[in-house]
Each structure stands twice: as C-alpha cells, then as structure tokens.
Amino acid sequence: MEWEAVIGLEIHAQLATKSKIFSGASTAFGAEPNTQACAVDLALPGTLPVFNAEALRMAVLFGLAIDAEIGYTSVFDRKNYFYPDLPKGYQTSQLFHPIVGIGHVDIELEDGTTKRVGVTRAHLEEDAGKSLHEEFPSMTGIDLNRAGTPLLEIVSEPDMRSAEEAVAYVKKIHSIVTNLGICDGNMSEGSFRCDCNVSVRYKGEEKFGNRTETKNINSFRFIEKAIKGEIERQIDLLEDGGTITQETRLYDANKDETRSMRSKEEANDYRYFPCPDLLPIVIDDEYVEKLRSTLPELPDARKARFIEQYQLSEYDAMVLSAYRDLSHYFETTANIADDAKLAANWVMGELSKHLNQNDTDITASPVTAEMLGGLLLRIKDNTITGKIAKQVFEAMWAGEGSADEVIEAKGLKQVTDTGAIEAMVDEVIAANQPQVDQYVSAEPDKRGKMIGFFMGKVMQASQGKANPGQVQGLLKQKLDALANS
Amino acid sequence: MLEKTLAGLAQGLAAGEFSSVELTQSYLDRIKAEDGALNSFITVTEEQALSQAQAADQRRAAGEAGPFTGLPIAHKDIFCTEGVRTSCGSRMLDNFISPYNATVIENFNRAGAVSLGKTNMDEFAMGSSNESSFYGPARNPWNTECVPGGSSGGSAAAIAGGLVPGATGTDTGGSIRQPAALCGITGLKPTYGRVSRYGMIAYASSLDQGGPMARTAEDNAIMLNVMAGFDPKDSTSIDKAVPDYTLTLNDSLKGLKIGLPKEYFSDEIDPQITAQVQAAIKEFEALGATVKEVSLPNSHLAIPAYYIIAPAEASSNLSRFDGVRYGYRCNDPVDLEDMYKRSRGEGFGEEVKRRIMVGTYALSEGFYDAYYKKALQIRRLIQQDFVNVLAEVDIIMGPTTPHPAFKLGEKTSDPVAMYMEDIFTISLNLAGMPGMSIPCGFANGLPVGLQLIGNYFAEERLLNAAHQFQQATDWHRQTPAR
C-alpha cells in the first residue's frame, strides 16, 4: 500500500502598517528592546485598544486577491492564555467572524500542471512580544517591541499532498502579499512564517490520520525539510506499528528534525469570547469595491501577460512574474534591450546569481535595470560578445560605471575588422599543424566538431573580443580550402 | 465653607470669598482629622492638591478660570493618575504608580480641578460593601459600624462625611448608585459610552461606566459636564455632543411620565424603604408628574446573567496582572508557573479570585454555550424590557437597594446575599442606560435611595427631575452627626 501525506498550512504574515494594530507605537524592526512598546502594548492597567484601519485595508486587499468571501461584519475575540511575552494574558484575534472567508490560489506543479489550493480563512490578530533566553543566564528577558504588530493569519485547506506542493503554496502566498505591498515578506526577520499541519494515510483512504503541527518555520527550505522529515517520521512510526500523537512540534534547523513541544492533552483551553473593548468591524460594498479598484496586477495575471506579450516560456514567465520588483526590473530591461528572451536569460541568470551570492535585494542591486538594458544593447549590436558581457557585468556590479563606460575603459570592444581576425586565424592555423592535419584527413561530416578547437584558440588570442561568427566563418573557409586542396 | 455644595463653592471662589488654596487646605485638614474613622481615602495627595490649587488661583487671577477651576474633588482609586499610586483597592497594585492619566483625570485637570486624593473601593470594583478592599473597609458616616456600600464606597463615605464635596465613581452593577443610596448622597451612572473608560481599570468592560457622585443633582451635572465626551482612545465611547447639563436643571416636570415597575415593589424589600420611595413619588406627582405601573418581566434574570458576563470579562481583563511587568510579584519564584500562581494567589483577594474562577469556568470549552452565550441572550431580553417601558414613560423609578446599609461583616460569608443587594441596579448595566440614586428619606436612621432610570442619553432629564425633587425636599441636605 502506498502512503499519502495530507498537509495544511497556517501562514502568519506581518502586515506592513506603520503603527501597531491597536496602538500608535511603531512597528519598525530591530529597535532596542522595549523602546517601541507604549502603555497599550505594555498592557498597563486601564489601557484600551483602538483598531488601526490600515490593517483592515490590507486584509481586505488580500481577500480580494485570492477571490475570497469578505467578512462584511468581522469581530475580534480574545484568545486567553498566560505567557510572559503576551502582556494582556490574551491575544486579540478573530475566531468566530474572520475578515476573510473561503478563497483559493493556484499553484504550479513540477510537471507543468496547476493545482487549486483552498484557503479556509484569513483573520487579523496581534503578534506577541519575544522572550529572550540567551542574553540572560538563568533568567528570561521580555522584549515587547513586536507585541501588537498586526498579523494576517492565512489558513489553508488540507489540500497539499507533498512538501513540494506545500512550498509552492507558501511561495504563491508570499508573492501575493508582497505584490500587494501588505507584507515585506522578510522571512528571516519573522515577517512571514508558517505552521505546518501534517498527517499521513494510505492512498485512497478518506479519513485523515492524526496530525502534528510544526510551528513557526521561517524559510522555504526549512518548510520543505521539516515537512519531508515529518512525513518520513510518521510513516516509519506507523509502519513499526506505532500511532501518531496529535501534538505541537518544533523544527530544529540545526539538526534538521522536528521534536515534540506539547501534546493535545497539555493544550490550552483558550476560552475565546468576543472582545468587549472593540466594536465589530462593519464594512460595505462601497468600501470593498473602492479597494478592488486599487488592486495591483497579481502574479497569475502577470504571468499570463508575460507569455502573451513577451513569448516567454511557462517557467520563465512564472519566475519573472512572482515578485513586483523582479517583474518591474525584467520589463524595464526587456524594453530597453528590445529583447525579452535575452533580458529574461540575464535577469534569471547572471543577475539572480549575483543577488543570491551577495544576499542583495533586487531593489538594492548595484546593476540597475537601465544598466543591464544598456549592456544587452551592446551584445545585440555586436559591440561585445556574450562572454565579454559577463566581464562587463562584473565591472558594473563592482561600481565601475555603465556598460559603455566599462567597455571603453577596458577596451573590450569586439573586433569585427575582417583583416585583424583573418590575421589571427592564419596565425592559429600555422601554429597548430597536427590539428590541421587531423582536420584535413577527417571525414567531411566530422570536421564541424573539430572547428571548436581552433575557435577556442582564436578567441583566446583575441582575449574574447573577436566576433565569434566571423571567426567561425573564416576558420571554416580556410580549413576547408586546405582539405580540398 | 466646607458645608457648601460644589455649586456653592464655585460661587465662593468666583466671588473671591476664599481661594482654592484655602479651600483645599481646609479639606486636607479635615481629612487628616476625620478620615481615621471613615477610611474613605487610600491615598491623600496633599502636595499635588496644593500645587493644583495654587495653579487654579493663578488661573483665576489671570481671568482664565472655568466653572470647575479650583474645585476640590477626589477620585476613586480605579482611575489611573500619573505619578500617584493607583491601587484599585488591591494588594496586586499596591506598588503601582501610574505613568499616565485616565481620560477622566485628564478632563478634570484641564478644567482646573484640584484632586485631594484617591478613594477607597472594593478590590477591582468587585463588591457591594467596600469590605473587599486591601486597605480595609471604608465606613458609613451615618453609622460607622455599617458599610458605605460599594464598590465606590470610599467616594460615597467621603462625600457624606463632608471630607470632599464631590468624587468620581464607577458603576458596573450599581457601584455608584448603591453606595450613594447607603450614604445618603446623589450619584449618577451615565449611559454606557458617555464617559471614557480609558485609564479606568477594567472590571467588566461591557458594563463599566464612570460617573459623578456628590451631594446634589446640580453638583452631579457640574461634574458630568467635565467628565462626559467622546474619547478616541476608547473604542466604545460614543461620539455624541455633550449638552451643558446645568441648563435644563430647572425645566418643569409637568407632564413627566413616571413608570413604577411592579417587580421593584415586592414584599422582600424593607417596608420602610418602600414607604419612603412611595412618599418621594408622591412628591414628583405634586411637581406635575404622572405615574403608572409598568413591568420589567425579566428582572429576576439580571443577577444570574450579570454573574456570568461580569466574571467572564473580569477573568480575561485581570489576566494582565501576572507579576511580569508591574504590580505584585511573589518572593523567590522557582519557575514561571510558580511565579504566576503565587503572584496571583497572594496578590488578589478572596472575592476577586472567586469571580476569576467563576468567569474562567463560564468561558471554558463545553460550557460557553450553556453559560456565556445564554447570559448574552438574557442580556438582550433585559435590554428590550427597558426599551419597551421607556417608550411609554420618561423615567422609571424605584428603590435603589432592597435594604439600607448593613453591618460590616454581616454578609461577607454569604456572597449570594451580598450579590442580591444589587438586584435593582444591576439590570441597568446590562441594558446600558443611565440611572441615578438620590436621597429620599431614612430607615432606622440610615439613608434611603430613590433610583431614577432614563433612556439612552437621557442624563439631562434625570438630572432635571432629581434637581426639581431636591428643590422641593431637603433629604440631600441631611448630614450625619460629626
């Protein structure tokens, strides 16, 4: 019998509001502990929450982007539990009437097909503070800067069947919230994190197995590893005759394994009830339609447009449409170069490689879209070869100026002067008599491959600057003349 | 001058008969001399009071005095006051110096009021006798063996005892009206949302409402003028213009329709109270009002519903008192759970713990529908009762309490008997409407309170009716022997 995994995800996306969801304190990341926590965030006696309407706008935008039901009346509830970094002793959340109801997203699978994943709901809530254990031996420090940061908790249906599908879903949600500008998507700072619910069952069975929930994973790679590991652990356990305990688990990235945090028996009774300090949020069609008109182009629509407008491949279109800044960069480059395929190759190749290696965001790239477009123009008009272009790109990345400036300063202009190329060709033929003999004695249909050797030598001699087309033509002409003579 | 009402003192200040500093010093002296017997203050802020009085006198000299400038009052110790201990009557907050002002405090400061200090109260406003205070009970000036009522017992006792001309209170189930009745003063619980709750330490958020307490309806009007108003910091406060409540005090009561709920005149009420209340209603008839019997058929459900909703909210509201950031923390906790358990176990008193446990139980998985949800349904029925009756009459009248002040210790071992003292006041908090208690006679030498209930935002009408009654009677002028 074959096993099947069932995966559902809860994603916490911090909304990019300037101030907190129920207070005026700043939400900026990285400040000194407790400098961005006001009386309300500290839960001083007598303080009261006031809802930040900007969080509402962002949540509704998300609902519209995933074609979801919008909660025209949504209500904040209190989720009661004690924890030192939860100042009020309850988290203000939305259980019974969330702002966003049932919706869906489409994910692209490796075999090129797409799959629809249901979104059960998305609700607004406040983030907790942070407990700092390492800085204080035998004590715990509490930093409440994060307390009250608005979160959108996005809950999926248990529609995913593999770690790869789960990651594709998380990436899709990530690209939607960042495209909408409602979340900065920064996973290492915790702005976007994921709880994974995993169970396994025999394929074909309808009943779900007992599930575990692995909390707060904050990278795409860790999500994939944690889910894969958890699926394996559950299958091994069941095949050994064991049972799965419904529990909360923690992913340890260092050991690449999940371990138990608490079982269902130890789970809290959160005693949810409507928060009496906040009124229900009531919105109308006018509000929703006004927001709908501000929806930016979303990744799925952009992907379709890229295929149509630029004749990109399915894969290239998916990668280049996922993020607003990347898409913008690509389109700017493609328009300057007037060559979408070339631009796509360079953006996904050389540029992405440099961004990754230097851990740089595309908006901070030292090579701007305009600069890259300028470089591509020089490839297209044969001023430089593709190989030289990589050298020019390096120099631009290092801040040495535009493509033209670098080409000029380094003298990288392609040699197209037939006389100069012919001289180099003659020199190479004269200096490599054994290879010329081989060429001459070879069957005519084998000769094509052998030209590569001479090409390499000539390009080397020209320091890559000789026009490869011209070199190839001249070599063939001269070698064939020798062979036929 | 200490026998004057706030209105009288305002005239005296305006006429230059005395300064705010003189007035303030006189009250401070009297508190020092006499509060030992009453225990109505938790904290007396002598220094701040005198500097506020000085500032008020300067403001007056500069010609910038408003109607409240220089008037001394006190605040229930539930209102956060910057730089001053705000204990809420609890050991939990005995060490809490508030770093900010409640909106009500801010409003009085802006008006130039002088705060003499913070008054005693039942712990976290949970109680009807002031006996649950960590600082010991305040006592009733009419008989110091009796309770002053609660939870705003300190404010009521201080006013009745002549230690302060007016004070703030809060009312979640009768905590302004019941002590006002038991101490023979006038108190008003405004419409829910009329006075900001920001900085008022929460007991039951959907029921809590701050309001004025003083000797007369006129003084209540003067205080409410300062207290009432929309506050963007309180999402449940209502954005509605505030009238000048003193302008309608002298309107005629001709044609005023009074409703007497038959449920408020049962045999279980002290007959002397019923007699005094009936005599008072005769007085209103003499002033031109008409009277008819009405019914609030769900009244008997008010106490059970209240004792689900209020403790449920309280159990959550009081979770923040965990020993982590401020307030009481136990000595040498061995771990987090020990810190929580002992800080809360030692920091809270009996009644508070009882209500936290009741509320926690009522919200628990599997019980929510049977208790909390049911109580909310009853709440809507009770509210509808009032809406129906107030469509027919202008003011509902009845006794504020079923009994006059009882002896200290008499009901402490029987919480339900204590809860029953709020039987006539509690339903109004569930409905959210305004109510007043005014003195209307005596039973065995102890004051009796008449309750007036009006529709949403009918504070003007209530104050007008109470003022007209007080123009025709002198129950509110009676003071206990000093």
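This is a predicted model: local features need pLDDT of at least 70, side-chain atom pairs count only at pLDDT 80 or more; totals for chains, interfaces and linings use all residues.
User: Which three residues of chain B supply more of its buried area than any other three?
Analyst: Those are S235(B), R320(B) and R325(B), which supply 22% of the area that chain B buries against chain A.

User: How many salt bridges are found across that interface?
Analyst: The rule finds one salt bridge between chain B and chain A. There is a salt bridge in the model between the side chains of R197(B) and D277(A), with a distance of 3.0 Å from N to O.

User: What about rings, how many aromatic pairs are there over all chains?
Analyst: The structure holds 35 aromatic pairs when all chains are taken together. One of them is formed by F273(A) and Y372(B), whose ring centres lie 5.7 Å apart with the planes at 75 degrees, so this pair is edge-to-face, given that planes over 60 degrees apart count that way.

User: Where do those two residues sit in their chains?
Analyst: The pair crosses between chains: F273(A) belongs to strand β14 (residues 273-274) of chain A, while Y372(B) belongs to helix α12 (residues 369-392) of chain B.

User: Are they buried or exposed?
Analyst: F273(A) is buried, with a relative accessible area of 0%, and Y372(B) counts as buried too, at 3% relative accessibility.

User: Which rings link into a cluster in chain B?
Analyst: Ring pairs link F96(B), F124(B), F321(B), Y326(B) and F348(B) into a cluster.

User: And where does a charged end sit over a ring?
Analyst: In chain A, the charged end of K171(A) sits over the ring of F220(A), at 5.4 Å from the ring centre. In chain B, K240(B) lies over the face of F457(B), and there the distance to the ring centre is 5.2 Å.

User: Changing topic, which residues does the "active site" annotation cover?
Analyst: According to UniProt, in an unreviewed entry, the annotation "active site" covers K76(B), S151(B) and S175(B). These residues span 100 residues in sequence, yet no two of their C-alpha atoms are more than 11.0 Å apart, so they gather at one spot.

User: Where is K76(B), and what does it touch?
Analyst: K76(B) is placed in strand β2 (residues 72-76) of chain B, and at 0% relative accessibility K76(B) counts as buried. Leaving out residues up to four places away in sequence, K76(B) touches a set of residues that includes K118(B), T119(B), M121(B), S151(B), T170(B) and S175(B).

User: What kind of peptide bond joins G150(B) and S151(B)?
Analyst: A cis peptide bond joins G150(B) and S151(B), with omega at about 10 degrees. S151(B) itself is placed in the loop between β3 (114-119) and α5 (153-160) of chain B.

User: Where does UniProt place the Amidase domain?
Analyst: UniProt, again in an unreviewed entry, places the feature "domain: Amidase" at residues 22-463 of chain B. That span is 38% helix and 14% strand, and its end C-alpha atoms lie 30 Å apart.

User: Back to chain A, where does Y323(A) lie?
Analyst: Y323(A) lies in the loop between α6 (314-321) and α7 (324-337) of chain A, and at 25% relative accessibility Y323(A) counts as partly exposed. Apart from neighbours within four places in sequence, Y323(A) is in contact with several residues, including K171(A), F220(A) and R302(A). Y323(A) and R302(A) are 21 residues apart along the chain, and their C-alpha atoms are separated by 9.9 Å.

User: Which residue other than glycine has a positive phi near 55 degrees in chain A?
Analyst: Q463(A) has such a value; Q463(A) is placed in the loop between α14 (444-461) and α15 (468-484) of chain A, and at 61% relative accessibility Q463(A) counts as exposed.

Methods:
Residues are numbered from 1 along each chain as its sequence is written. Chains are lettered from A and ligands numbered from 1 in the order in which they are written. Side-chain values use heavy atoms; hydrogens and water are left out. Rings of Phe, Tyr and Trp (its six-membered ring) pair if their centres lie within 6.5 Å; planes under 30 degrees apart count as stacked, over 60 as edge-to-face and the rest as tilted. Helices (H or I, at least four residues) and strands (E, at least two) are DSSP runs, numbered from the N terminus. Buried means under 20% relative accessible area, exposed over 50%, partly exposed in between (1.4 Å probe, protein chains only). A charge sits over a ring if NZ of Lys or CZ of Arg is within 6 Å of the ring centre and within 35 degrees of the ring normal. UniProt positions are given in the numbering used here, feature names are shortened, and annotations may be inferred rather than shown by experiment. Contact means heavy atoms within 4.5 Å. Buried area is the accessible area (1.4 Å probe) that two parts lose on being put together, summed over both. A salt bridge is a side-chain nitrogen of Lys or Arg within 4 Å of a carboxyl oxygen of Asp or Glu.
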